[in-house]
Each structure stands twice: as structure tokens, then as C-alpha cells.
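This report describes how two protein chains meet. The sequence and structure come first, followed by notes on the interface.

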Number of protein chains: 2
Amino acid sequence: MRPSLLINGLSEHTLPVADRGLAYGHGLFETIALNGSEPTAWQAHLERLKAGAKRLHIPLPDNIDQSLQQDLQTLLAPQVSPTQRQVLKITITRGCGGRGYAVDDTVPINRIVQLSEFPSYPDNPAQQGITTRLCQTRLAIAPQLAGIKHLNRLEQVLARAEWSATDIREGLVLDAEGYLMEGTMSNLFWCKNGVLYTPSLDRCGVKGIVRQRIIALAEEKNITLHTGLFTADVLQQADEVFLCNSIIAIWPVIKCIMTDQYQPEWSIGPITRDLQSLLAAEGIF
Amino acid sequence: MRPSLLINGLSEHTLPVADRGLAYGHGLFETIALNGSEPTAWQAHLERLKAGAKRLHIPLPDNIDQSLQQDLQTLLAPQVSPTQRQVLKITITRGCGGRGYAVDDTVPINRIVQLSEFPSYPDNPAQQGITTRLCQTRLAIAPQLAGIKHLNRLEQVLARAEWSATDIREGLVLDAEGYLMEGTMSNLFWCKNGVLYTPSLDRCGVKGIVRQRIIALAEEKNITLHTGLFTADVLQQADEVFLCNSIIAIWPVIKCIMTDQYQPEWSIGPITRDLQSLLAAEGIF
């Protein structure tokens, strides 16, 4: 049987308890949509992985690109249909160590590559839009870790644990100073009078690959884009609001439950639809 | 052969990659000194574990105390000498999950209990005192996670990666606003005119078991103790400085390399020595 999980290129399902990813969250991950055998935005994911690894003192081998490509080939069925979609998750950890935060330079990293089913969304949130809520959990301001998709994700875990209602598909989170940052698993954009806005993520948050692509598309298509620090009340004035990540692509937001009384709603607008089309043309849908 | 590692009571060495401790750092740990078969400050460690688990939505089974006791009995040789010292590490994670931050309530936790050699310190830092440095890495202000010994430890990893000189035994870290907080693996105390001081750890840091015991001892022995927010320059005025954790007990600090020019030094004083003796009488040495 074809494996769905490789650890350092071998079919395994478990990792030593001594792994520093488990002990300290000393590692990174990437979540990539696969269309047939084609990983979406492969180069962008690899570049983010490398940039994050550098910041976390995780020495990637020179041949990491080839190793990951090889892993993908091993995991993929040879005749995968181009319409079949799967999720590829890559996790890189600083490898196995003893007790203590200091790293032994000679210890190799651990490379975990995993294929899983693409989630099914029968209610078609990309078309219908979603209801969100505003979370109480705040993101700490931590410029040293900001932007990186690292394995220290307790803030997201706590934010996501705030609700269980299945009709609420995502939660928006603020930073410790009350500025809008992102969703628990997605990045946030909104539009007002034809201008696109997204929070700057230099103090906390994850700089998503689709967010990055939307920022580039805005420039290509001459859509003015402002990144900065904004409080949640700007959303009330927005014409369109949407969330994005590598698996959902773009989900329009039609409502945000901020308090019992204050629950702004939005229509799904032309900029959101245009960006969905532009991304879909690149295999991001 | 007697196992040195138990996962959920069984002799294993590896954990499924799907464990949420690895994926998100959704877990906690305790590091406990064992004197012979006697775990030091067992109840205090258990209480901290339970309090942290509650804050991280990790449902501990009602019989967690007995399970951990049973694990310890399984790991310990029946005739362990009372003078043999070992380190017991307990890690509890939120168990195995699929992709996504939401938790399936029915998933059991994972319980990892590990016995390892007590570190040897041939230079006897508890007697001789140690040299420390001031780290550049700052602790983010995150009251929701403050005090908990959770598995999101990238800040400690980054702080510890700042130096490699073996004669520097620990680094002091400030919070994002520049207040003294702790060591990378230890808590910080200092004395001035017979008064003991330690940083308040309600915004970041780990509330150590030995720190907690020293705070209680100060009260028992009528030593005035101030907890609060202090900038690093207060250390310059201190009469004595020391660090503590469950394995090192108390290490006096005789020097801190703050900058190339500014490297205050201290003598090892009577309050440090008294506290070392009081703790040693409780098996903490």
C-alpha cells in the first residue's frame, strides 16, 4: 500500500519523543493544496519554509527542495487524476535532542511529509460566504516570531476553542493592543471604495502564501492596497470582507459576531469575486 | 530491560505525528528531581500540571495522579539507592488530532513519562556561582499563557541560541517592555538590604516550583519579598543574585554580561546560602 506519511523519506507514522518539535515547538510547517500531482504555489511555500527556518536556527540541507519533491513523488499515486485534490503538509523540526534548550549542531532536522484528503465543504462557503466571530484571545506582540508558520500555535488553539457552533466558520483575532490581525487559520482582507486593506503582520500572525499572492495581484491589477494596523471598527465601514488560506483560497465573510448586539454584515462584492477568479486561474480555489 | 520511557503507561519511544503537542505545542511538561525513589515536590508539580491543563483545555483523567505514580514505579528500579539522583520528565499533550486547531472532545490525552540521568556539574555551580548574560530575545507579553510550563518554547530556544560559550551558564531575559523576567530555564531572585525580590510572572514566563517554594520560605522565615516589574539596572544595586529551578535548585549568580562594558558582579551572600540550606533540607539541592 502506498504510504500517506513519510518521515525523512521513509514510511513511518511516529516520531521519537525526543524531537524538539514536540518538546519546544522548534519547527515549522506548510500546508499546500495539491491539484492532481501539482502542488499549488510550491516555490512560494518553499521560500517561506526556508526563510522561517533561518529565523529559527533550523539548518535545512542544501538538497531540501529535491528531498521534498522526492517525498511528494513517493506519496502520489502515479496516475492521480488532475481533478483530484489533496492536502500536502510539510513539517520540519530541529530534530531530536536531549533535555535543555541548547541545540547540538550535529543533529539533523526531521522532515515530515504527509498527504491527506482535501476537506469537503458541502455548503460551498467560497460561493455563499461565511459567518465569523471576534475572538477574545489576543495575539501577543512578538516581532521575532511574527509572520513565521512555526509550531508554537497555542494562541490559535485557544482562540479556536472559544466556539463550537458549526455555522461559525472562523474567528477573527486582535493583537494584544487591540488591532485586527487575522483569522485563527486564515488571513484577513477587506475593501472600502475600491481600496483593499490587510493587517500588517510584522508584530504577530502568520504571513500566508495566498495573502502574499493577493498582495502581488493587487499590484498587478492596479488595485490600491493598504497594509497597516487597524482596529476592528473599520470592518463596520467595509464594502467587502474576506479570508484566505492555501486550502480555502478565498472565503467571503458575510457576517461577524463581534458582541451580542454588534454583528456587522456584508455583501459579497466584485473585488472578492475578481480575486477568486484570478486565484482560480492559478489553481488556487 | 527496564524501560526509561512510557507513553500512556506502555514502553514506547515514539509518538504519532498527529499528536497535537507536535503540531501546535498543545501540551505541558514538568521536570522533577528524583532522590532515589522520591520525586521532589511531587504535589506541587502535579498541582501546576493540573492548573496549566485547565487553562489549555486539556482534560486530565480523574486518575492522573495514580497513573503518573504507577508510571514512576514502573520506571524505577526496585532497589534504587536513596542517593541516586535522576530526572523525571512528564509531558502531557492534548492527544492526536487531524488538521485544524479545533479539538475533538473524545480524543484522549497523551501521557509521556521519562526517566533520565541527573546532569553532572563538575564545576559545582551551586557552590561557586555562575556567570550569566543578558539576552536580546524578549518575552512577548501574553497573560493567557503566562506562568504555564507549556510546549510553546520558541522564545527560550531563541534566547538560548544567542550564546555558545560554555562558561556562560544561563541567560537572563526581559519582557517586550524591558522588564526583567527570568532565565531561559530558571527563575530569578535578588536581594538588597535583606529584602528579597523576584519578577512578577503574570504577563509572561514560567512560574517555577522552586520559585514558588522560595516565595513560601521567605514568608515562613520572615524575609520580606517584593514581586513586581523591575528593569535590569536594579541588579547593579543588588547584594546577591541567584537563579533556581527544579534540577539546579539554587545557583548563585556572580556576574552578568549585560553589554561589552557593563558586566556587574556580585558576591555570594548569606540569604542565598540560607535558602540553599533550607531547600536542601527538603531534598532540593
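## Charges and polar contacts

Between chain A and chain B there are 0 salt bridges (a side-chain nitrogen of Lys or Arg within 4 Å of a carboxyl oxygen of Asp or Glu). Across the interface of chain A and chain B, 12 residue pairs are in polar contact, both residues at pLDDT 80 or more. A polar contact is a pair of N or O atoms within 3.5 Å; within protein, one must be able to donate a hydrogen and the other to accept it, and residues adjacent in sequence count only if both atoms are side-chain atoms.

This is a predicted model, in which local features need pLDDT of at least 70 and side-chain atom pairs count only at pLDDT 80 or more, while totals for chains, interfaces and linings use all residues. Residues are numbered from 1 along each chain as its sequence is written, chains are lettered from A and ligands numbered from 1 in the order in which they are written, and side-chain values use heavy atoms, with hydrogens and water left out.

## Extent of the interface

Chain A puts 51 residues into the contact and chain B puts in 51 residues, contact meaning heavy atoms within 4.5 Å. About 4000 Å² is buried between chain A and chain B, with 68% of that area from carbon and sulfur atoms; buried area is the accessible area (1.4 Å probe) that two parts lose on being put together, summed over both. On the chain A side, Arg99(A), Tyr101(A) and Leu154(A) lose the most area to chain B, together 20% of what that side buries.
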